[in-house]
Amino acid sequence: MSLSAMAATFVEGKDYVRVEGFSESHTPVLREFFSYNCPHCFRMDHTIEEAVGLVAKEVRFERTPVGAGRNPWQMSQLAYYLAQKFNVTDQTHGAIFKQVQEVAPFQSEADVRQFFVSQGLKADELDKAIASSDRKLAMMTFDTEAQLSGIRGVPSLLVNGKYMLNIQGRSSAEIAELVQYLVKQ
């Protein structure tokens, strides 16, 4: 079904909800709220990545890891921060998911550090990044974005800081069409 045919069937309150959200610095933006500790996020990752691939020319994709006040989830936020900091997100995203979901969740900074050392990063550079004020700011930003978006669970997709998508049971193509529709709103 084409975008124009699908657009007529998108219904606020069913396919998406308008949220207070927050202003994005760049638009259009598709933001995923997720956690490496969430089994549903792990299962949905491939579908979301496919959807992102379908809209990549039209939409900037950002991820926000959710800590939810739980230590293992906060350690996963740290892992995401480090992957971003060292520009290895593309190479490590799937490996972090597999580590957390199939081996064992990170319980400490030392666990996260060891994971990245095993991925070829230098221990001393990791130590500096873990102890940095940039890390603290990034973690606060992640938490603030999650709070302002009003998410109730993960994974959640937010378009332009104001449209929360209902992705339950949707294919990557359906998600992409909904994103394309909302970007034009």
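Buried residues are those under 20% relative accessible area, exposed ones are over 50%, and partly exposed ones fall in between (1.4 Å probe, protein chains only). The model shown is predicted, so that local features need pLDDT of at least 70 and side-chain atom pairs count only at pLDDT 80 or more, while totals for chains, interfaces and linings use all residues. Residues are numbered from 1 along each chain as its sequence is written, and side-chain values use heavy atoms, with hydrogens and water left out.

View A. Arg60 belongs to strand β3, residues 60-65, where strands (E, at least two residues) and helices (H or I, at least four) are DSSP runs numbered from the N terminus. Arg60 counts as partly exposed because its relative accessibility is 39%. Not counting residues up to four places away in sequence, Arg60 touches His26, Pro28, Val29 and Leu30, a contact being heavy atoms within 4.5 Å. The side chains of Arg60 and His26 make a polar contact at 3.0 Å; such a contact is a pair of N or O atoms within 3.5 Å, of which, within protein, one must be able to donate a hydrogen and the other to accept it, and residues adjacent in sequence count only if both atoms are side-chain atoms.

**View B. His93 and its polar partners.** His93, in helix α4, is buried because its relative accessible area is 4%. The His93 side chain makes polar contacts with the side chain of Asp45 at 2.9 Å and with the side chain of Arg63 at 3.4 Å.

**View C. The largest nonpolar core.** A nonpolar core is a set of buried Ala, Val, Leu, Ile, Met, Phe, Trp, Tyr and Cys residues joined through side-chain atoms within 4.5 Å. The largest has 36 residues, of which Leu82, Ile96 and Phe116 touch the most other members. Helix α3 gives the most to this core, with eight residues.

**View D. Aromatic pairs.** Rings of Phe, Tyr and Trp (its six-membered ring) pair if their centres lie within 6.5 Å, with planes under 30 degrees apart counted as stacked, over 60 as edge-to-face and the rest as tilted. The count by this rule is 11 aromatic pairs. The Phe34 and Tyr36 rings, with centres 4.9 Å apart and planes at 90 degrees, are therefore edge-to-face, and both residues are buried. Phe106 and Phe115 also form an edge-to-face pair, at 5.7 Å centre to centre and 65 degrees between the planes.
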